[in-house]
Amino acid sequence: MSSTKQQPIVVTIGRQFGSGGRELGRKLSKRLGFKYYDKELLSEAARQAGVDEYFFKLNDERFPSFLNGIFSFAFGLNNVNCYTGSTSISDDSLYRAQSDFIHSLADKENCVIVGRTSDYVLRDHERLVNLFVHAPMESCVKRIMGRAEEQLTPDKARAKATKVNKLRANYYNFYTDKTWGAAQSYDISLDTSLLPMDEIVEIVVDYICRRFPDFECPTSPANSYN
């Protein structure tokens with residue numbers, strides 16, 4: 001009797017800016033032995049679609065600008081592509097190209113994907129865990145200021161968090177039929193200010209192991225909490 005191969009498990013992470021979603025994603029992927037995708041999505045989706053990566057970064061989690069017909073690009077070896085036609089590139093075509101790549105990842109490997117409405121893109125995926133990560137503004141400001149590349153004052157960090165969150169919410173709400181940050185849009189919502197990140201990782205791992213009994217769970221870390 002032939003057995004049906006299980007779909008890969010995919011964990012998606014929506015996050016407020018400065019709440020530690022990227023850190024959680026990296027730690028979780030390492031703990032579970034899953035692949036991790038964040039900014040890497042943009043590079044690989046661009047490569048597969050034959051689009052300059054610049055355009056993906058320019059539109060990354062941004063509300064559509066509806067600019068069409070300004071740029072042209074080659075798909076494969078021909079000056080046409082399956083997303084926009086022969087002479088235009090749109091925000092929607094970039095979104096579809098990125099979504100196609102997200103689907104290709106979910107079909108082949110266990111992975112953690114940060115942002116890019118991946119929870120909605122993969123809404124029909126049978127083994128999907130959707131997380132949303134948030135924290136009080138002051139906690140986010142502290143984390144943002146701790147990033148070496150930012151070097152922002154508290155006021156500027158707060159302003160940046162507010163701006164980026166608005167961009168992410170507009171992007172998510174436009175492309176999905178859900179509400180960014182709303183509890184019903186996700187399986188688990190986590191306030192990262194309440195526990196150390198390593199303990200939050202263990203909570204998510206425990207949830208995944210309970211939800212998917214066939215998954216070979218990693219052994220508990222020696223320093224796990226009691």
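This is a predicted model: local features need pLDDT of at least 70, side-chain atom pairs count only at pLDDT 80 or more; totals for chains, interfaces and linings use all residues.
Colleague: Which residue of strand 5 stands opposite L131?

Modeller: Strand 4, residues 128-134, pairs with strand 5 in the parallel sense over 4 bridges. In strand 5, the residue opposite L131 is I188.

Colleague: Are helix 1 and helix 8 parallel or oblique to each other?

Modeller: Helix 1 (residues 21-32) packs against helix 8 (residues 197-211) with the axes 10 Å apart and at an angle of about 55°. An angle counts as roughly parallel under 35 degrees and as roughly perpendicular from 65 to 115. The two helices, helix 1 and helix 8, are therefore oblique.

Colleague: Is the crossing of helix 1 and helix 8 left-handed or right-handed, and how many charged residues does the contact hold?

Modeller: Helix 1 passes helix 8 in a right-handed crossing. Helix 1 contributes E23, L24, K27, L28, R31 and L32, while helix 8 contributes residues including M197, D198, I200 and E202. By class, this contact has 9 nonpolar residues and no polar ones, and the charged residues number 5.

Colleague: How is helix 6 oriented to helix 7, roughly perpendicular or roughly parallel?

Modeller: The axes of helix 6 (residues 137-145) and helix 7 (residues 154-175) come within 9 Å and cross at roughly 110°. This angle makes the orientation of helix 6 to helix 7 roughly perpendicular.

Colleague: How many nonpolar residues are in the contact of helix 6 with helix 7?

Modeller: M137, E138, V141, I144 and M145 of helix 6 meet P154, A157, R158, A161 and T162 of helix 7. Of these residues, 1 is polar and 2 are charged, and the nonpolar ones number 7.

Colleague: What kind of aromatic pair do Y37 and F101 form?

Modeller: The count of aromatic pairs comes to 9. The ring centres of Y37 and F101 are 6.4 Å apart and the planes stand at 90°, so this pair is edge-to-face. Because Y37 lies in strand 2 and F101 in helix 4 (residues 91-108), the pair ties together parts 64 residues apart in sequence. The kind of pair formed by Y37 and F101 is thus edge-to-face.

Technical notes
Residues are numbered from 1 along each chain as its sequence is written. Side-chain values use heavy atoms; hydrogens and water are left out. Axes are lines fitted to C-alpha atoms, for helices over the stretch in contact, and angles run from 0 to 180 degrees between N-to-C directions. Angles under 35 degrees count as roughly parallel, over 145 as roughly antiparallel, 65 to 115 as roughly perpendicular and the rest as oblique. A crossing is left-handed if the near helix is turned anticlockwise from the far one by less than a right angle, and right-handed if clockwise. Contact means heavy atoms within 4.5 Å. Ala, Val, Leu, Ile, Met, Phe, Trp, Tyr, Cys and Pro count as nonpolar, Asp, Glu, Lys and Arg as charged, and the others, Gly among them, as polar. Two strands pair if DSSP finds at least two bridges between them. Rings of Phe, Tyr and Trp (its six-membered ring) pair if their centres lie within 6.5 Å; planes under 30 degrees apart count as stacked, over 60 as edge-to-face and the rest as tilted.
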